[in-house]
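Here are some notes for a first look at this structure. Please read them with the model open beside you.

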Protein chains: 2
Amino acid sequence: MPARPPRRDDPVRQRSLRDHNLALVLRQVTSAPRPPSRADIAAATGLTRATVSTIVDELIAGGLVAELRPVSRSGVGRPGTGIVPAGTGPAGLGMEVNVDYLAVCAVDLAGAVRHRELRHLDQRERTPAQTWRALAGLADRTAAAVGALGLVPAGAVMAVPGLIEGGTIRVAPNLGWQGVALPAAADFPALHGLDLGAGNEATLAALGERHATGLDSFLYVSGEIGVGGGIVLDGELFGGSHGWAGEIGHVTIDPQGPPCHCGARGCLEQYAGEEAIRAAAGLSADGDRPVLAGLADGARAGRAPVLAALDRAGTALGVALSGAVNLLDIATVVLGGHYAELIDWLRPALERELSRRVLTAAWSPVEVRPSALGADAAMIGAARAVIQGILDDPARFLATRTP
Amino acid sequence: MPARPPRRDDPVRQRSLRDHNLALVLRQVTSAPRPPSRADIAAATGLTRATVSTIVDELIAGGLVAELRPVSRSGVGRPGTGIVPAGTGPAGLGMEVNVDYLAVCAVDLAGAVRHRELRHLDQRERTPAQTWRALAGLADRTAAAVGALGLVPAGAVMAVPGLIEGGTIRVAPNLGWQGVALPAAADFPALHGLDLGAGNEATLAALGERHATGLDSFLYVSGEIGVGGGIVLDGELFGGSHGWAGEIGHVTIDPQGPPCHCGARGCLEQYAGEEAIRAAAGLSADGDRPVLAGLADGARAGRAPVLAALDRAGTALGVALSGAVNLLDIATVVLGGHYAELIDWLRPALERELSRRVLTAAWSPVEVRPSALGADAAMIGAARAVIQGILDDPARFLATRTP
DNA sequence: TCTTGTTTGTTCAGCCATTGAACTTATAGG
DNA sequence: CCTATAAGTTCAATGGCTGAACAAACAAGA
């Protein structure tokens with residue numbers, strides 16, 4: 001999705017040395033709590049002030065960072081000039097295809113969302129081609145808005161609730177899609193000449209959370225119609241052999257449990273998926289009222305069947321997550337999607353199972369926290385993936401800019 | 001355990017450039033199928049012949065590689081001189097503390113086991129201090145034998161069947177140890193001045209398998225008295241936040257299953273641990289005859305209770321591994337410990353569950369294979385960890401060599 | 001107001017690792 | 001014996017980092 005990062009088996013020349021340090025400095029600028037001066041960057045990275053100066057100059061020339069104009073600092077000595085991510089630099093476009101809506105947003109180098117477009121549309125009633133057309137419209141408007149802000153779109157990534165392999169969507173159960181080819185950048189007028197990537201919705205949401213929270217390693221679990229997940233290790237998304245990692249929704253809770261549409265029995269989704277919770281809570285399936293609102297209201301009102309259903313879901317989540325934590329030794333779990341709103345009623349059962357089943361819970365308890373981005377996580381994460389590609393290898397971006 | 005590899009956030013100077021290429025060339029030499037010439041290395045790495053020459057010279061001077069004397073090649077042109085890992089270079093010492101034996105081995109740069117020592121001793125009847133003393137004796141003899149071969153011990157790693165944190169063994173259930181301090185290098189006369197590390201047995205076994213098989217990403221599961229595991233991703237051991245990753249033995253198979261000594265219910269170990277299989281097979285617990293042999297013989301003889309017990313264990317393994325594969329998207333599972341010998345009877349149930357429960361099994365089936373190293377995996381993996389430290393950062397090794 | 005001390009940012013010579021091209025060495029084949 | 005080919009070495013050039021000196025900007029005190 002983002003272009004290949006520099007690998008361990010690559011030879012290192014002088015140039016790659018500069019490339020690495022460019023990335024190092026840029027990362028420092030985008031991740032520092034306050035705009036650092038060149039001297040701050042030098043201290044933080046271990047490079048000399050001289051080197052940092054030349055690197056910052058290169059980044060400024062490339063439009064990736066900018067100097068802060070007025071400078072006032074506490075303490076004696078010449079005050080430093082703060083360096084900030086360029087407000088008018090590249091923008092990452094994040095696009096989301098979901099069951100009942102399409103959305104596009106633009107994120108700048110600092111990670112701020114600068115624009116968003118949303119359109120309610122039920123994909124189940126439409127062909128993929130129709131979806132792409134509608135999405136292209138949103139992308140057009142986003143690109144225009146972003147251009148008006150002085151930003152330049154630098155690429156796009158699309159979040160899809162399904163399994164992606166190569167250039168096709170293998171299967172997206174909730175959209176009813178199978179073997180659908182991903183659109184080419186050419187299908188999106190706003191993106192001519194740019195890279196267009198795609199990734200799993202929950203996986204990209206995890207990436208979004210990673211940057212919103214600053215957490216380094218965590219497990220992200222998202223409850224929607226399905227149950228998806230993403231794994232972040234050492235600050236990087238873990239994709240697995242094919243990019244399919246994180247599919248926690250089909251971890252077995254009870255081998256003899258209820259049959260799942262995936263063909264197995266007792267999958268987590270059958271206990272903690274939206275449909276399963278709704279049925280267990282005794283809420284009706286049809287009606288315009290969203291299931292989530294019904295559950296949250298019912299829980300707040302203290303309705304026993306709703307509380308019992310959420311306890312059951314929390315227990316199942318706890319069993320699945322305990323296994324994942326035992327396997328991965330990860331200290332934090334982030335609950336996203338609908339789970340974020342239901343966390344207060346899921347948490348007791350979930351934490352009970354975690355403390356009981358995680359082998360090392362006694363010495364190092366697992367923290368459970370709600371998503372920081374809520375429903376936007378996937379879209380923002382997709383946009384972040386583009387930005388991440390630039391942060392990881394600014395030299396490549398600069399090369400395409402000024403040939 | 002192995003010293004810190006160069007990190008993404010480190011500044012890169014001229015020197016680190018050389019360091020990286022030193023590692024690149026050394027890796028090429030140790031992993032090539034046949035001794036490569038300088039020109040081969042240049043072609044494989046992308047460096048120029050000139051650079052490779054100076055780097056190889058540095059490695060030869062440091063005693064890490066050597067030139068092959070006689071040189072004959074097919075084809076015209078000046079024949080190249082093959083470069084091989086030094087047969088008289090550093091050796092990694094791998095030590096294993098197990099319930100009923102202690103073992104030490106030495107592995108050279110090429111990954112070959114050059115010496116081994118084994119002593120049957122039941123740790124449950126002994127204090128940790130007694131164990132360290134006995135182990136130090138084996139280490140002494142190994143170091144002496146290795147010295148006679150012209151090798152120089154470069155460090156040691158100890159494999160322990162338990163959870164390790166910082167300098168202590170948090171808990172090693174099967175040894176009956178809790179909060180036992182790891183020995184210092186000073187307690188091992190043979191290791192004066194060397195690094196002495198420690199790691200989990202199954203985790204290190206996974207590392208051993210990684211190098212024995214060349215597999216890049218896989219899940220290693222070891223069946224002993226407990227059930228342990230290790231995760232290898234992209235050629236590197238994945239440790240998790242505290243180095244405790246891989247504890248698949250306590251993944252839940254059935255939330256209402258039999259109680260486990262860990263305090264939870266229905267852990268994999270209660271279905272696929274040695275004791276659980278034995279009980280299900282109706283074999284007697286005591287007697288000098290090892291449980292494993294009884295199971296294998298019974299299975300070969302077609303005894304129904306034994307076959308049923310192994311089927312049950314295989315099913316449970318399949319459920320646990322399916323969850324792990326769904327989560328991690330890993331294409332290969334390696335069965336080690338006792339499982340390696342029982343694989344023929346575990347496999348049918350195991351693969352049935354995998355194909356049923358792994359979401360992507362239809363497109364990309366999971367391969368299940370037996371361990372290549374068998375019972376020695378942990379010890380060899382521990383020794384390999386030392387070698388790996390040198391391969392990952394030969395410059396540091398060279399610096400300690402010639403100050 | 002002027003001086004002193006402190007910190008930031010720049011300049012420049014020196015160093016170091018890689019490159020690329022020329023050169024030497026070693027072999028096969030005619 | 002000569003030619004073609006490939007391996008390995010030598011060396012000037014290049015690019016990037018360092019360290020030290022220096023200029024710039026500010027606070028504090030006299």
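This is a predicted model: local features need pLDDT of at least 70, side-chain atom pairs count only at pLDDT 80 or more; totals for chains, interfaces and linings use all residues.

1. Chain A is split into domain 1 (14-85), domain 2 (90-194 + 377-401) and domain 3 (214-372). Domain 2 is thus written as two segments, 90-194 and 377-401, because the assignment lists it that way. Between the centres of domain 1 of chain A and domain 3 of chain A, taken over C-alpha atoms, lie 42 Å.

2. Turn next to the charged pairs. Side chains of opposite charge can pair when their charged atoms come close. Over all chains, the whole structure holds 38 salt bridges.

3. Look at A:E353 and A:R357. Their closest N and O atoms are 2.8 Å apart, in a salt bridge. Both sit in helix α10 (residues 338-357) of chain A; they are 4 residues apart, so about one helical turn separates them. A:E353 is buried, at 3% relative accessible area. A:R357 is buried too, also at 3%.

4. Now take A:E367 and A:R369. Their side chains form a salt bridge at 3.4 Å, N to O. A:E367 is partly exposed, with 37% relative accessibility. A:R369 is partly exposed as well, at 24%.

5. Move to chain B. B:R38 and B:E67 form a salt bridge through their side chains, at 2.8 Å from N to O. This pair links distant parts of the chain: B:R38 lies in helix α2 (residues 38-45), B:E67 in strand β1 (residues 65-67), and 29 residues separate them. B:R38 is buried at 17%, whereas B:E67 is partly exposed at 35%.

6. Finally, check one network. A:R15, A:R18, A:D19 and A:E58 are joined by salt bridges that share partners.

Technical notes
Residues are numbered from 1 along each chain as its sequence is written. Chains are lettered from A and ligands numbered from 1 in the order in which they are written. Side-chain values use heavy atoms; hydrogens and water are left out. A salt bridge is a side-chain nitrogen of Lys or Arg within 4 Å of a carboxyl oxygen of Asp or Glu. Helices (H or I, at least four residues) and strands (E, at least two) are DSSP runs, numbered from the N terminus. Buried means under 20% relative accessible area, exposed over 50%, partly exposed in between (1.4 Å probe, protein chains only).
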